[in-house]
Amino acid sequence: MSIQEKPVLYVKLTETASVREKEIRLGQVAELWCPSKKAQTHWEGLILQTVEPGEKKRYVWSALDILERIQNEDENVDVRFLGAEDVVVDCRRTPDKSSLWCRLQTAAVGLVAFVGGGFAIMTFNNDVDVGKIFETVYQRVMHEASSGRTILEASYSLGLFLGIVLFFNHLAGWKLTEDPTPLEVQMRQYEKDVAEAIVDYSQTGNGKSAETGAKGGAN
């Protein structure tokens, strides 16, 4: 007599997930695959947790927590995990980008970045005395005194602008290539660091804070 094999369910957890619905379902925090498409649809709809109205928190679900939840539903399933060991589920409300407050915040950040960047460039130019260097180069090449508004200053300013655009690979909605910009890479790294910090914080037993909630069972 042959022993019947258990149905296999592959679960690939994502590092972070955003859920705006009332219920957090397995298919929203992981990619699933199993031989039966009907079973796969069933597991994708498995409710992990119900978020109370008005809650603005982030929850951490580990692979073991999800395994327990699946086994409670059907203990005969052979669950095989891939990808991350924990997933951070963000249930906070997405801000309205078209709102006046959001536009004011964006404008404020842009202004601070512009002024700060300009101050940093001017400080660097003052430290190395770029103006004196240009005067010396112009006088030796042209054999006359520099007025301070020569081709050297103009090309330096233009080159500085083009260098920033080429380095960051981004100007408004225009990009040179489809590669991620340095800023996007750093933001992605920041998101990973935040997710790791939330996971570590939840594992200390202090995860139920105003902003970060530890995992909870389905309600």
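**Entry 1**

I started with Asp-129, which sits in the loop between helix 4 (100-128) and helix 5. Helices here are DSSP runs of H or I with at least four residues, strands are E runs of at least two, and both are numbered from the N terminus. Asp-129 is not a glycine, yet its phi is positive, about 55°. Most residues other than glycine have a negative phi. Asp-129 counts as partly exposed because its relative accessibility is 40%. My cut-offs: buried is under 20% relative accessible area, exposed is over 50%, and partly exposed is in between, with a 1.4 Å probe and protein chains only.

I then looked up His-143, in the loop between helix 5 and helix 6. Its phi is near 60°, again positive in a residue other than glycine. His-143 has 69% relative accessibility, so it counts as exposed.

**Entry 1: ground rules and confidence**

I note that this is a predicted model, in which local features need pLDDT of at least 70, side-chain atom pairs count only at pLDDT 80 or more, and totals for chains, interfaces and linings use all residues. Numbering runs from 1 along each chain as its sequence is written, and side-chain values use heavy atoms, with hydrogens and water left out.

I checked pLDDT, the predictor's confidence in each residue, from 0 to 100. The chain mean is 82, and 87% of residues reach 70 or more. Strand 4 has the highest confidence, at 94, and strand 9 (residues 212-214) the lowest, at a mean of 45. Residues 206-214 fall below 50, and this stretch has 24 contacts in the model beyond near neighbours in sequence. A contact means heavy atoms within 4.5 Å.

**Entry 2: the nonpolar cores**

Which residues touch the most other members of the largest nonpolar core? I found Leu-9, Val-11, Ile-24, Leu-26, Val-29, Ile-70 and Val-89, out of 25 residues. Strand 1 (8-13), helix 1 (26-29), strand 4 (30-33), strand 6 (58-62), helix 3 (63-73) and strand 8 (86-90) each supply at least two residues of this core. By core I mean buried Ala, Val, Leu, Ile, Met, Phe, Trp, Tyr and Cys residues joined through side-chain atoms within 4.5 Å. In soluble globular proteins, nonpolar side chains tend to be buried together.

Leaving out residues up to four places away in sequence, Val-89 touches Ala-17, Val-19, Ile-24, Val-29, Lys-57, Arg-58, Tyr-59 and Trp-61. A second, separate core has five residues, among them Val-88, Ala-195, Ile-198 and Val-199.

**Entry 3: Thr-150 and Glu-153**

I moved to the loop between helix 5 (130-142) and helix 6 (151-168), where Thr-150 is found. Thr-150 counts as buried because its relative accessibility is 11%. Its side chain makes a polar contact of 2.4 Å with that of Glu-153. A polar contact is a pair of N or O atoms within 3.5 Å; within protein, one must be able to donate a hydrogen and the other to accept it, and residues adjacent in sequence count only if both atoms are side-chain atoms.

Glu-153 itself lies in helix 6.

**Entry 4: salt bridges**

How many salt bridges does the structure hold? I have five. The criterion is a side-chain nitrogen of Lys or Arg within 4 Å of a carboxyl oxygen of Asp or Glu.

Arg-188 pairs with Glu-15, with the closest N and O atoms 3.7 Å apart. This pair links distant parts of the chain, 173 residues apart: Arg-188 is in helix 7 (residues 182-206), and Glu-15 is in the loop between strand 1 and strand 2 (16-18). Arg-188 is partly exposed at 37% relative accessibility.

Glu-23 and Arg-25 meet at 2.6 Å, N to O, in another salt bridge. Glu-23 is partly exposed at 27%, and Arg-25 is partly exposed at 30%.

Asp-78 forms a salt bridge with Arg-80, at 3.0 Å between the closest N and O atoms.
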